[in-house]
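Q: Could you go through this structure with me, a piece at a time? I have the sequence and the model open.
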Amino acid sequence: MTAFSRLSCVMIQPLLTRVVRRIAARHPSLFARLGPHQATDFLIDPIELPFALHLRPDPDALVFRAVPRDAAPEPGALIRGKFMLLLELMDAEEDGDAAFFSRDLEISGDTEAVVRLRNALDDVDGSIADETAAMFGAPGRAILARLRRNYPTQETGAFAP
Amino acid sequence: MSLAELICPAGTPAALRTAVDAGADAVYCGFQDATNARNFPGLNFTPDELADAVVYAHAKGTKVLLALNTYPPAGKVDLWRQAADTGARLGVDAFIVADMGVADYIAQTHPQVRLHLSVQAAASSPEAIRYYCERFGVKRVVLPRILTIPEIKQVRKDIPCEIETFIFGNHGLMVEGRCSLTNYLTGQSTNMDGVCSPASDVEYKRDADGTMSSQLAGFTIDCFGPDEKAGYPTICKGRYTAPHRPDAYYAFEEPVSLNLSRLLPELIDAGVHAFKIEGRQRSKSYVRGVVTAFRHAVDDIRAGRPADMANLVALTEGQKQTQGAFETKKWR
Ligand code: SF4
């Protein structure tokens, strides 16, 4: 575990906790769609960031934390891709099937868990990324705009069958 | 000229609102159980969600069609009957059915609600279609994807109901409603449990060299090189080896996508009443893109303007597409 990775995790954690609590409060129907996979450990791995994200979407004991890759728990399901692609997928601005078929997204482990998570997120109206950015006011929105500019998602053929 | 209604998929309430806002004339959806042929995890509607969806759609002049298009196993019809009762109570505009028992129950119990015959019923001859019309009062048939346009035109003349055809999306061509491939590998039935290649039986395996194989219930359905586009492990679209074919080949179907955008004027001319877009399992982003593009195209054609087909062709970006049997019986 590098010191940089550890430090990044510590710095980002309060933000993640705030973000996930807010999303859970605003979109409670998300959990129903996850069904039995509320208890699944998802590892979301944005390849350019110095850490991965561990999500256990249990409404009674929500876990969303940054973890150094070498200290990550054995995941029930793994979703790996570029950070902006993962962000756009969360917002349903990208078609998950198309991203996966084009191999920009890597999935392993419990496929049903991933399908449930994706359907649950797809049922959220509006942009979770924009909502998150708005929590931090003008600076938050500026950071998101900059991220979108600097890391445009590749065109992934959004309509593969 | 026929009305050329646009019938759009909705796997979630958000996708339904997206389809309605993008200009769908009708949306089709299902409950979170085996009563419909897209019984996928995390997809579909609870009765409360459907109630809200009907209100939303009707406020914008869009119809809601409820898919009850699977076959109840013997002695287990209650789930289908309850779903029909709930749908009727919530004010859906039509039921899409395949099973005769389900059709009969609705015809007798909810005669005020329209019945559409699902593609899953595989009714392609005038005789078969007329039987459903006469016996159960079916108002519309969704034709199996096996007829050419001249054949559709002829069928239209010989039946007393409206015709709906698929125009875009996944292209599975087994005798519809009869495919047992998933059943054979997983024990679950596409036609009774409502799921083809259930996600719980799907696994993706990646090798160190970047090769990825897709598996269903432990059987390898396909294997993709590091830079090759992948696909969902749909059995009919897998690549297999055989003693006479040592190199893997598409034994049933190639993974092509149906796109009839170029044939829309001819289909309207043949008397097709409604165009169906496949994809309740797809994302909002897919629904938004496809419905918007076809809305413009159909409006242009109806107004006598040339439609921007380039837009529609681009929808399958890089993906192989076909006009299937609609253009020729020799598509493969
Ligand atoms: S295996 Fe193919 S033909 Fe059979 S149900 Fe699935 S998609 Fe349809």
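Q: Let's start with Thr322(B): what is its place in chain B?
A: Thr322(B) is in strand E15 of chain B, which covers residues 321–322; please keep in mind that this is a predicted model.

Q: Is Thr322(B) buried or exposed?
A: Thr322(B) counts as buried because its relative accessible area is 12%, and the cut-off for that word is under 20%.

Q: And which backbone atom does its side chain reach?
A: The side chain of Thr322(B) reaches the backbone nitrogen of Gly324(B), at 2.8 Å.

Q: Before we go on, what is the mean pLDDT of chain B?
A: For chain B the mean pLDDT is 92, with 94% of its residues at 70 or more, and for the complex the predictor gives an ipTM of 0.88 and a pTM of 0.91.

Q: Which domains does chain B have?
A: The domain assignment gives domain 1, made of 5–171 + 256–327, and domain 2, made of 193–250. The centres of these two domains of chain B, taken over C-alpha atoms, are separated by 29 Å, and twelve residues of domain 1 are in contact with seven residues of domain 2.

Q: Now the sheet with E8 in chain B: in what order do its strands come?
A: The order is E8-E9-E10, three strands of chain B that form an open sheet with antiparallel pairing.

Q: Why is one side of E8 and of E10 left without a neighbour in that sheet?
A: Strand E8 (202–206) and strand E10 (219–224) of chain B stand at the edges, and each has a single partner strand, so one side of each has no neighbour in the sheet. From one strand to the next, the twist averages 20 degrees.

Q: How many bridges join E9 and E10 there?
A: Strand E9 of chain B, residues 212–216, pairs with E10(B) over five bridges in the antiparallel sense, and Ser214(B) stands opposite Asp222(B) in E10(B).

Q: Switching to chain A, what is the strand order in its open sheet of five strands?
A: The order in chain A is E3-E2-E1-E4-E5, and the pairing is mixed. Its edge strands are E3 (63–67) and E5 (106–109), each of which pairs on one side only.

Q: Which helix lies across E2 and E3 of chain A?
A: That is helix H1 of chain A, residues 3–26, which runs at about 160 degrees to E3(A). Helix H3 (residues 83–90) of chain A also packs on the sheet, where it touches E1 and strand E4 (77–81), and its direction makes about 130 degrees with that of E1(A).

Note on methods
Residues numbered from 1 in each chain as written. Chains lettered and ligands numbered in written order. Predicted model: local features only at pLDDT ≥ 70, side-chain atom pairs only at ≥ 80, totals over all residues. Heavy atoms only, no water. Helix = DSSP H or I, 4+ residues; strand = E, 2+ residues; numbered from the N terminus. Buried < 20%, exposed > 50% of the residue type's maximum accessible area, 1.4 Å probe, protein only. Polar contact = N/O pair within 3.5 Å; in protein donor to acceptor, adjacent residues only side chain to side chain. Pairing = 2+ DSSP bridges. Axes fitted to C-alpha atoms, helices over the stretch in contact; angles between N-to-C directions. pLDDT = per-residue confidence, 0-100. Domains from an automatic or database assignment. Contact = heavy atoms within 4.5 Å.
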